[in-house]
Amino acid sequence: MALSVQIPKEYAYVVLDLVAYAFLNTWMGIQVGKARKKYNVPYPALYAIESENKEAKLFNCVQRGHQNSIEYMAVFFVNLLVGGLQHPLISAGLGAIYIISRFFYFKLYSTGNPENRVKPVGLSFLALWGLIICTASFGINLLIRDML
């Protein structure tokens with residue numbers, strides 16, 4: 001059975017969240033590149049080795065902050081875009097919270113003290129779970145609509 005979905009005009013805010021995260025991810029990548037030069041970690045090494053580089057932990061915290069954000073990018077994008085079809089303003093708000101918390105996660109992790117990342121990552125997970133609920137709601141409503 002065919003299904004049509006109307007995209008509400010407020011979905012534009014969801015799309016703008018996506019663009020904002022693309023800029024944030026690019027900025028984080030640039031910070032990793034700068035850290036490579038600063039801490040002398042050549043490509044293709046993903047992480048610095050502490051026995052070979054006394055500042056390895058500092059570089060690794062920068063790299064790990066970006067890497068972790070990349071690891072969750074697909075989950076964030078899918079739930080933002082799908083959940084936003086039914087709940088565009090809620091999803092856009094949760095997306096903005098996620099993006100801001102990811103910025104602070106990266107900045108605080110990059111200090112070289114991994115414990116600094118705990119509060120921002122908790123907030124990002126709350127926002128992500130909110131987006132997952134929005135996506136689940138969209139799927140449930142599609143099933144219910146199909147039954148009626």
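**View 1. Tyr-21 and Phe-76 are both buried in this predicted model.** Buried means under 20% relative accessible area, exposed means over 50%, and partly exposed lies in between (1.4 Å probe, protein chains only). Phe-76 counts as buried because its relative accessible area is 0%. This is a predicted model, so local features need pLDDT of at least 70 and side-chain atom pairs count only at pLDDT 80 or more, while totals for chains, interfaces and linings use all residues. Residues are numbered from 1 along each chain as its sequence is written, and side-chain values use heavy atoms, with hydrogens and water left out.

View 2. Rings of Phe, Tyr and Trp (its six-membered ring) pair if their centres lie within 6.5 Å; planes under 30 degrees apart count as stacked, over 60 as edge-to-face and the rest as tilted. How are the rings of Tyr-21 and Phe-76 placed? Their centres are 5.2 Å apart and their planes are at 50 degrees, so this pair is tilted. The pair links distant parts of the chain, with Tyr-21 in helix H1 and Phe-76 in helix H3 (residues 73–86), 55 residues apart. Helices (H or I, at least four residues) and strands (E, at least two) are DSSP runs, numbered from the N terminus.

**View 3. Phe-76 also forms a stacked aromatic pair with Tyr-98.** Centre to centre, the distance is 4.2 Å, with 15 degrees between the planes. Tyr-98 belongs to helix H4 (residues 88–109) and Phe-76 to helix H3, so this pair, too, links distant parts of the chain, 22 residues apart. Tyr-98 is buried, with a relative accessible area of 1%. Look for Phe-77 as well: ring pairs link Tyr-21, Phe-76, Phe-77 and Tyr-98 into a cluster.

**View 4. Arg-64 and Glu-71 meet in a salt bridge.** A salt bridge is a side-chain nitrogen of Lys or Arg within 4 Å of a carboxyl oxygen of Asp or Glu. In this one, the distance from N to O is 3.0 Å, and the count for the structure comes to 1 salt bridge.

**View 5. Tyr-13, Leu-16 and Leu-89 make a nonpolar surface patch of about 340 Å².** Patches are made of residues with over 30% relative accessible area and no salt bridge: like charges are joined within 9 Å, nonpolar side chains (Val, Leu, Ile, Met, Phe, Trp, Tyr) within 5 Å. Accessible areas come from the Shrake-Rupley method with a 1.4 Å probe, and for residues only the protein chains shown count as cover. Leu-16 sits in helix H1 (residues 11–39) and is exposed, with a relative accessible area of 54%.

**View 6. Cys-61 and Cys-134 are shown here as two buried residues.** Cys-61 has 4% relative accessibility, and Cys-134 has 6%. How many disulfides does the structure hold? There are 0, where a disulfide is a pair of cysteine sulfur atoms within 2.5 Å.

**View 7. His-87 lies in the loop between H3 and H4.** At 19% relative accessibility, His-87 counts as buried. From His-87 to Val-118 is 31 residues in sequence and 28 Å in space, C-alpha to C-alpha.
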